[in-house]
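I opened my notebook for a friendly walk through this one.

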Amino acid sequence: MGVVNVTPDSFSDGGAWFQPEDALAHGRLLLEQGADVLDVGGESTRPGAERPSEAEELRRVLPVVEGLARLGTVSVDTMRSGVAAAALDAGASLVNDVSGGLADPEMAALVAERGVPFVAMHWRGHSAGMQDRAHYDDVVADVCRELRERAEALEAAGIARERLVLDPGFGFAKLAHHNWELLRRLDAVLDLGLPVLVGTSRKKFLGLVGREGREERAPLERDVVTAVTTAHAARAGAWGVRVHDVVAAVDALDVAEELGSVGPR
Ligand code: PMM
């Protein structure tokens with residue numbers, strides 16, 4: 001899954017594809033590089049970010065979804081049912097909601113009605129205050145329990161189980177050691193029995209790894225470490241990885257495939 005952020009302020013590629021024509025060109029390139037899905041989002045979820053209005057989010061994502069859906073499979077990365085509905089009308093074929101349906105009480109019903117796949121990420125609150133919620137007894141057990149409860153609630157709201165994908169939410173209400181613990185024990189998330197999406201790409205904990213006492217890697221310098229986590233996620237049996245650098249991800253998946261325990265792409 002290649003990331004197309006149509007935002008002025010994403011931590012990972014802030015502003016680079018904010019103009020629709022730039023986002024379209026970028027999405028086209030990611031497809032050529034081997035992305036199976038393009039994830040188009042108009043709201044930055046970096047820690048501390050303020051939310052755009054719904055009108056602004058629609059203005060950002062709709063032309064890009066419409067253009068890219070002509071070229072390939074598009075998911076819309078949104079927490080708003082109104083944005084999801086408009087993006088599905090514009091050609092998107094799945095919804096990626098970092099709040100797993102918690103941010104908007106209408107989201108689950110909309111997705112159920114449209115019968116599209118839904119990525120439900122582990123989430124504990126909006127970005128402005130989320131790092132204050134990074135408290136766990138056992139991060140793996142707690143995230144798995146919260147994801148299982150979310151999946152049950154989404155099913156109860158009418159989303160077919162076979163359309164659900166779960167995501168442990170790397171970097172969302174999690175400190176570096178929480179992210180590593182989840183990555184180390186991805187098998188526990190997979191044991192929930194649903195496909196798992198992994199989104200580690202360019203996140204802060206990858207900027208910090210091995211850098212004690214030194215400056216962290218800048219976001220654009222995190223693609224090699226991201227690729228290593230991609231190979232790990234694939235070998236563990238993840239359904240997908242959400243990445244900025246598709247070339248590196250394809251290389252990592254080729255290595256993972258050669259090493260075994262991952263099916264052919
Ligand atoms: N991370 C970001 C945005 N959307 N969606 C899913 N399912 N999983 C993630 O980990 C995730 C996401 C934030 O990263 P970005 O600002 O680089 O897009």
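**Ground rules.** I am working with a predicted model, where local features need pLDDT of at least 70, side-chain atom pairs count only at pLDDT 80 or more, and totals for chains, interfaces and linings use all residues. I number residues from 1 along each chain as its sequence is written, and side-chain values use heavy atoms, with hydrogens and water left out.

**Aromatic rings.** I looked for ring pairs and found two. For Phe, Tyr and Trp (its six-membered ring), a pair needs centres within 6.5 Å; planes under 30 degrees apart are stacked, over 60 edge-to-face, and the rest tilted. F170 and F205 are stacked, at 6.2 Å centre to centre and 15° between the planes. I placed F170 in the loop between β6 (164-167) and α6 (176-184), and F205 in helix α8 (residues 204-208), 35 residues apart. Helices (H or I, at least four residues) and strands (E, at least two) are DSSP runs, numbered from the N terminus.

I then asked about burial, where buried means under 20% relative accessible area, exposed over 50%, and partly exposed in between (1.4 Å probe, protein chains only). F170 is buried at 1%, and F205 is buried at 3%.

The other pair, W180 and F205, is edge-to-face, with 5.0 Å between centres and 80° between planes. This pair joins helix α6, which holds W180, to helix α8, which holds F205, 25 residues apart. W180 is partly exposed at 26% relative accessibility. I noted that the ring pairs link F170, W180 and F205 into a cluster.

**Helix α2.** Next I checked α2 (residues 54-69), which bends by about 30° at V61, with the proline P63 following within four residues. I took the bend as the angle between axes fitted to the seven residues ending there and the seven starting there. Among the buried residues of α2 are R60, V61, V64 and L68. The buried residues pack against β1 (2-5), α1 (20-32), β2 (37-41), β3 (73-77) and α3 (81-89), with contact meaning heavy atoms within 4.5 Å.

**Ligand.** For K203, a polar side-chain atom lies 2.7 Å from a ligand oxygen. A polar backbone atom of G199 is 3.2 Å from an oxygen of the ligand.

Terms used: A polar contact is a pair of N or O atoms within 3.5 Å; within protein, one must be able to donate a hydrogen and the other to accept it, and residues adjacent in sequence count only if both atoms are side-chain atoms.
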